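Q: I'd like to learn how to read a structure like this one feature at a time. Can we walk through it together?
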Amino acid sequence: MSVRTRSGGLLASVVLLATSAAAENFDFEVGVTYNRTQLDAEQTIATNGGSIFNSNDIDTDAWSLFGSWYFAGLSDDNGPRARAAFVDRASVLNVGYARTDVSASTSVVSTDPLIPSFESSFDSDGDAYALDLRYVWGDSGWFANGGVASTDTTIGGLVGSSVDSTVWRLGAGKYLFDTTTLALDVSQADDDIGDATNIAVAFSHLGDIGENWQYAVDLGYARTDADFDLEFDTWSAALSLYPNRDFEFGVGIAETDADFAALDSTSYEGFASWFVTPSVVLAARYRLDDVGYLGTVAIPSAETTRDADQDSISFGITVRF
């Protein structure tokens, strides 16, 4: 049975569950998300012997299934339903599975006799499993985070290979006020290619606008140290607006600066969600990435122009019961 068929069956099941769920106190969530990402990149290199035009196209399809258990219960009596876990200071255990399929093609057209023209393509697929825990001491406002994720990626084409990776995460934070938090997380990624350590700080605040509207601000900074002397700094910010308890929309931006300029990127996104009922939410998200690009052919001393853009769109449904 295909992933698409299994996901369709899950979608039908959760909708049936939703029609019978009327209460606003919940113990569980289940959901499914589909994401489509497309990368288009071009590079032109001027050499003494001619020119080299390099293009890459990468298409990625991903299905994600997840479940959450609020083992002390979840109430959405106060605030936006999308922020129920945040407002209610809920403790939760999350499990997730994702299936990713990638199709990539490369073309090099060269008039330099030292660099041959060629075309190639490859497909890859991967499975990811994640387990995540957040425990909140409601009275004091302190909370702890922890999780582990494992990914197995198989790369086909001319050079068939497999890459396994494992990520561990630990963190802690505190509610500074009723709907304001500050958190620190440390994660370690280990795979067959190299290791990376990430330290992240996150700030979240939910406030009121007038009598009916509410807003949320999410700010983040992360520092990543990876093998091969690679270092990354990432800043992120998002603004969410809530005209009522059932509807959310917003925008976000993230910028990554790396020691190696070709790995720099800036991302812009828009998102929205709608609680069709107190227990069923539909969500959509669009992201545009201005990404760094090294290209298949790299000649450091040559004059090079690059253009690379990536966009992704995702849709999902989540049910609480």
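Q: Let's start with contacts. Which residues is Tyr175 in contact with, leaving aside its neighbours within four places in sequence?
A: This is a predicted model, so read everything here as computed. A contact means heavy atoms within 4.5 Å. For Tyr175 the list is Ala85, Phe86, Arg89, Arg134, Val136, Gly141, Phe143, Thr180 and Thr181.

Q: Which residues form the largest nonpolar core?
A: Tyr175 is one of its 8 residues, together with Phe86, Val136, Phe143, Ala183, Leu206, Ala216 and Tyr242. There's also a second, separate core of 6 residues, including Val30, Trp63, Val280 and Val319.

Q: Is Arg89 buried or exposed?
A: The cut-off for buried is under 20% relative accessible area. Arg89 has 19%, so it counts as buried.

Q: How should I read a salt bridge, and how many does a search of the whole structure find?
A: Side chains of opposite charge can pair when their charged atoms come close. The search finds 17 salt bridges here. Take Arg81 and Asp246, whose side chains meet at 2.6 Å, N to O. That pair links distant parts of the chain, 165 residues apart: Arg81 sits in the loop between S2 and H2, and Asp246 in the loop between strand S10 (230-244) and strand S11 (247-258). Arg81 is buried at 7% relative accessibility, while Asp246 is partly exposed at 27%.

Q: Which parts does the salt bridge between Asp233 and Arg223 tie together?
A: The closest N and O atoms of Asp233 and Arg223 are 2.6 Å apart. Asp233 lies in strand S10 and Arg223 in strand S9 (residues 213-226), so the bridge joins parts 10 residues apart in sequence. Asp233 is buried, with 16% relative accessible area, and Arg223 is partly exposed, with 26%.

Q: Which residues are linked in a network of salt bridges?
A: That would be Arg99, Asp101, Asp125 and Asp127.

Q: Now the outside. Which residues form the nonpolar patch on the surface?
A: Look for Phe28, Trp69, Phe71, Leu133, Tyr135, Trp137, Trp142 and Phe321, with about 780 Å² of accessible area together. S2 and strand S4 (118-136) each supply at least two residues of the patch. Trp142, in strand S5 (residues 142-155), is partly exposed, with a relative accessible area of 46%.

Q: What about a polar contact to a backbone atom: which backbone nitrogen lies 2.7 Å from the side chain of Asp191?
A: The nitrogen of Gly194, which faces a polar atom of the Asp191 side chain. Asp191 is in strand S7 (residues 180-191) and is partly exposed at 29%. Leaving aside its neighbours within four places in sequence, Asp191 also contacts Val163, Asp164 and Ser165.

Q: To step back, how many helices and strands does the protein have?
A: There are 2 helices and 14 strands. The C-alpha trace spans about 70 × 45 × 35 Å along its principal axes, and buried residues make up 35% of the 321 residues.

Technical notes:
Residues are numbered from 1 along each chain as its sequence is written. This is a predicted model: local features need pLDDT of at least 70, side-chain atom pairs count only at pLDDT 80 or more; totals for chains, interfaces and linings use all residues. Side-chain values use heavy atoms; hydrogens and water are left out. Helices (H or I, at least four residues) and strands (E, at least two) are DSSP runs, numbered from the N terminus. Buried means under 20% relative accessible area, exposed over 50%, partly exposed in between (1.4 Å probe, protein chains only). A polar contact is a pair of N or O atoms within 3.5 Å; within protein, one must be able to donate a hydrogen and the other to accept it, and residues adjacent in sequence count only if both atoms are side-chain atoms. Patches are made of residues with over 30% relative accessible area and no salt bridge: like charges are joined within 9 Å, nonpolar side chains (Val, Leu, Ile, Met, Phe, Trp, Tyr) within 5 Å. Accessible areas come from the Shrake-Rupley method with a 1.4 Å probe; for residues, only the protein chains shown count as cover. A salt bridge is a side-chain nitrogen of Lys or Arg within 4 Å of a carboxyl oxygen of Asp or Glu. A nonpolar core is a set of buried Ala, Val, Leu, Ile, Met, Phe, Trp, Tyr and Cys residues joined through side-chain atoms within 4.5 Å.
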